Amino acid sequence: MTVDSGHMSRLRDIFSVRFVVMRSPTGAATKAVKAVPAGSFVHTSHLPGSAAAAASAVKRAHKSGELVKVRRGLYFKGAKTRYGLTRPSAEAVALEVLGRAGVGPTGFSAARAFGLTTQVPARPALVVTGTVPTSLTGVRVSKRNNLRRLALRPLEIAVLELLRGDWETTVDDGWSAMSTAVGNAVAGGKLRWRELSDAAKGERSPALRKNLIRLTEDLQASGMLA
């Protein structure tokens, strides 16, 4: 049986169209995964295309050693080393799962955020404004009821935690070191003093309010705060 060239050409066109239609959703998700820079998290639900296409893309990337699976629907694109892909810390995973609103470090983790201690806690400690999750491992999570914290960045929450009294047991060089570190963060635009002060009005800790006044006076005296 002889098939004319025109018929063969039409068949190729049909199969080509079908192939593109079938491939394009998964292809978009795959391209998105490849575009993610090393050291970043990948949420399956954030990828383009259908849920099935996204799941297929991350599954292939995980199998090929491009992604590390963190938990259901969450992967990490580590940097490639001679020992394999780097993995995220427990604290980084917790922050990715919890989000940034009203979430920040406490205890030694708060002091470490400012480089004020050489101590490394066995489990990083975080505070949240809301429900404490039970599915996170390797971190300690506590709850704070001040809803004004939702407007703060993690570093600003770290200041509130230190002012609650944590600085006394976690800061290696005492109050003056903490005052200087906070002042430098304000001067460098990493810490918003007005927002922090507004959020502090919702705190119940008498020690925090007292220490905030002391810190404000120190920063004003040093010229770090107008």
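**Entry 1: the hairpin**

I started with Lys69, which stands opposite Tyr75 in strand 3. Strand 2 (residues 68–71) and strand 3 (residues 74–77) pair in the antiparallel sense over three bridges. For pairing I use the DSSP criterion of at least two bridges between two strands. The hairpin of strand 2 and strand 3 has two residues between the strands, and Gly73 there takes a positive phi near 80 degrees.

**Entry 2: what I am looking at**

I noted that this is a predicted model, in which local features need pLDDT of at least 70 and side-chain atom pairs count only at pLDDT 80 or more, while totals for chains, interfaces and linings use all residues. Residues are numbered from 1 along each chain as its sequence is written, and side-chain values use heavy atoms, with hydrogens and water left out.

Next I looked up the overall make-up. The chain has eight helices and eight strands. Helices (H or I, at least four residues) and strands (E, at least two) are DSSP runs, numbered from the N terminus. Of the 226 residues of the chain, 38% count as buried. Buried means under 20% relative accessible area, exposed means over 50%, and partly exposed is in between (1.4 Å probe, protein chains only). I also looked at contacts, meaning heavy atoms within 4.5 Å. Of the contacts in the chain with a separation of 6 or more, 58% join residues 24 or more positions apart.

I found an open sheet of three strands, with the order 6-7-8 and mixed pairing. Strand 6 (104–105) and strand 8 (140–143) stand at the edges with a single partner strand each, so one side of each has no neighbour in the sheet. Strand 7 (residues 125–128) pairs with strand 8 in the parallel sense over four bridges. Within that pairing, I found Ser142 of strand 8 as the bridge partner of Val127. Helix 3 (residues 90–98) packs on the sheet, touching strand 6 and strand 7, and its direction makes about 10 degrees with that of strand 7. For such angles, axes are lines fitted to C-alpha atoms (for helices over the stretch in contact), and values run from 0 to 180 degrees between N-to-C directions.

**Entry 3: the cores**

Which residues touch the most other members of the largest nonpolar core? Out of its 31 residues, I listed Phe114, Leu162, Met178, Val182, Leu191 and Trp193. A nonpolar core is a set of buried Ala, Val, Leu, Ile, Met, Phe, Trp, Tyr and Cys residues joined through side-chain atoms within 4.5 Å. At least two residues of this core come from each of helix 4 (108–113), helix 5 (154–170), helix 6 (174–187), helix 7 (193–200) and helix 8 (206–221). Helix 5 gives the largest share, eight residues.

I then followed Trp193: leaving aside residues up to four places away in sequence, Trp193 touches Val182, Val186, Leu212, Leu215, Thr216, Leu219 and Leu225. Apart from this core lies another, of 11 residues, among them Val33, Ala57, Val58 and Ala61.

**Entry 4: one face of helix 7**

I checked helix 7, where Trp193, Leu196, Ala199 and Ala200 are buried. Seen down the helix axis, the buried residues of helix 7 fall within an arc of 130 degrees, so they line one face. The arc is that of the directions from the helix axis to the C-beta atoms. The cover over these buried residues includes helix 5, helix 6 and helix 8.

Is Asn146 buried or exposed? I found Asn146 in the loop between strand 8 and helix 5, and it is buried, with a relative accessible area of 7%. Its side chain reaches the backbone nitrogen of Arg148 at 3.0 Å. The side chain of Asn146 also makes a polar contact with the side chain of Glu203 (2.8 Å). A polar contact is a pair of N or O atoms within 3.5 Å; within protein, one must be able to donate a hydrogen and the other to accept it, and residues adjacent in sequence count only if both atoms are side-chain atoms.

Glu203 lies in the loop between helix 7 and helix 8 and is buried, with a relative accessible area of 6%. I saw a further polar contact, from the side chain of Glu203 to the side chain of Arg149 (2.7 Å).
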